[in-house]
Amino acid sequence: MPRQLHRPTAPSQWWQDAVIYQIYPRSFASSGGPIGDLPAITARLEYVASLGADAVWLSPFYPSPQHDAGYDVADYRNIDPRLGTLEDADALIARTHELGMRIIIDLVPNHTSDEHVWFREALSAGPDSPERERYWFREASTDAPPNDWTSIFGSIAWTRVRERDDAPGSPWQDDPQWYLHLFDSSQPDLNWDNPAVHAEFRDVLRFWLDRGVDGFRIDVAHGLAKDPELPDWQYHWTMVEGSDADAASVPPPPMWDRDGVHDIYREWRTVLDEYGPDRMLVAEAWVSPGDRLAQYVRSDEMSQCFNFDFLSSQWKRDDLRAVIASSLRAMDAVGAPTTWVLSNHDVVRAASRLGLSHTGKGPNGIRATDEQPDPELGARRALAAHLLMAGLPGSCYLYQGEELGLPEHTALPDDVREDPAYFRTKGVEAGRDGCRVPLPWRAQAPAFGFSPDGQSWLPQPPEWAAFAVDAQEASTSSTLNFFRRMYALRSELALGHGGLEDVSDAFPGALAYLNTAPADAERGDILILTTFDTDVSIPEDWRVLLASAAPGSAESTTWLARA
Ligand code: GLC
């Protein structure tokens, strides 16, 4: 029996069915030097538009000491001089719009950099000052930190002010307090119980809305509201996946996914609405189950949230089937579009992750001495996964390089690593540098054309020549050209607005869905068929529209229309 999972939707907001391309500015393209920059992005936006992207999302470009690759923001109203200027940002926004795309920028409200003026003022002003009330400073009666919270990047979540590198000889050299940081010690957490923090971020939103941005990706959206008592909580919350603990046996976390965060997003919604109905917010919230996540996208809060359950799913029929159904159910319950995502700058790239013996969210980085992914299997499954997700209703996020089938760098030498997770876990975790290696644009150029002078902040593997954009442009059978055909067809058929029926029971071992036509679309149902370890015969009376490998062969996806 077909199971209806989702009804077709009428177009109302641009992000409902958008393909959104994530640009990681440090690693996209450079106009000179080892770090990518905004003018080089602007110069290559046509490439992004040629994929069929409706919008770009830029990871942070703000002034930053770059202790966490820019997620440590020192000034929310400017551009890091290594990446460009505000005029460059204006030019980038204008060019994106000229090409018919929207632009989403990253906002990091959970913490600032320790070089932000507020934190410098807080250090100087000392205990009991209003400056310290913008963060979480506490004293402890013993030499132990104020509570047992751990940093997402490893080790304790507190640093003693007087043990900072800049303490000797400073006014805070004998300071009795500690400060909280759920990430690196250079990323002090803001105190969202303080109205001054609210006022500041409302103003920052308006600063960028006035410059024409269409939306914000909200970093660590589930972290802002803390229990002011800061009670002990001995459990662990993992990046991207969220809690790995059995929810029933664990007390609610005093720092993650607390109800208070929703007041903040309601407040922001009213700010965005001042600019009309077209500005959006997307939540990076490591929250499950789906009905908790859905609270972030109720009609008076954010517009979308990343679907990390999909990203973290095992590459197995039953797991994916359950995630697809529960994602649509949870988002439909609040009237928000479902999103689909496989990769970003925090996880091992899908083309490698899906080639490991254990799929799912994967390890935090892969080293040369770790199990190496099977590159053919990973690439084949990643393409199948993208064709599956592009066939589902909702919106797709694509991380730069996925359209090239780019794998993870799985053999970076440890001495080039920059991820704070590598240092804070004392090398137990390799960290995220392997998915952040600068893109290959030209097969024969130094640094594969990432920068004109051949510099690149991380080394690229030699085998990336085959993945370079120019090599793939030249071949009709390349992954790059496959992505272009896929998104063009998705748009032509309005698959993002389709309904969805699960017909997998008729295809043992495979996943099969009918994407049913929205009201005004002149098409019939489209069958989306994803296979796993066995071949499946293509049903009679259906013709192939697009396939990630031989139609129906193991580890593939095929789109079909009635013959
Ligand atoms: C988000 C970002 C990640 C960063 C962290 C702390 O999870 O995606 O890259 O390290 O927030 O800001």
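With which residue does Arg-3 form a salt bridge, and how far apart are the closest N and O atoms?

Reply: Happy to walk through this with you. This is a predicted model, in which local features need pLDDT of at least 70, side-chain atom pairs count only at pLDDT 80 or more, and totals for chains, interfaces and linings use all residues. Residues are numbered from 1 along each chain as its sequence is written, and side-chain values use heavy atoms, with hydrogens and water left out.

The partner of Arg-3 is Asp-502, with the closest N and O atoms 3.3 Å apart. A salt bridge here is a side-chain nitrogen of Lys or Arg within 4 Å of a carboxyl oxygen of Asp or Glu. The two residues come from distant parts of the chain, 499 residues apart: Arg-3 sits in strand β1 (residues 3-6) and Asp-502 in strand β15 (residues 499-502). Helices (H or I, at least four residues) and strands (E, at least two) are DSSP runs, numbered from the N terminus. Arg-3 is partly exposed, at 40% relative accessibility, whereas Asp-502 is buried, at 1%. Buried means under 20% relative accessible area, exposed over 50%, and partly exposed in between (1.4 Å probe, protein chains only).

This pair belongs to a set of 41 salt bridges in the structure. Another one joins Asp-106 and Arg-217, whose closest N and O atoms are 2.9 Å apart. Because Asp-106 lies in strand β4 (residues 102-107) and Arg-217 in strand β8 (residues 215-218), this pair ties together parts 111 residues apart in sequence. Asp-106 and Arg-217 are both buried.

Arg-269 counts as buried at 9% relative accessibility, while Asp-273 is partly exposed at 43%. Elsewhere, salt bridges with shared partners connect Asp-68, Asp-346, Asp-419, Arg-432 and Arg-436 in one network.

Now for the nonpolar side. The largest nonpolar core has 167 residues, and Trp-208, Phe-216 and Ile-324 touch the most other members. Such a core is a set of buried Ala, Val, Leu, Ile, Met, Phe, Trp, Tyr and Cys residues joined through side-chain atoms within 4.5 Å. Helix α12 (residues 375-390) gives the most to this core, eight residues.
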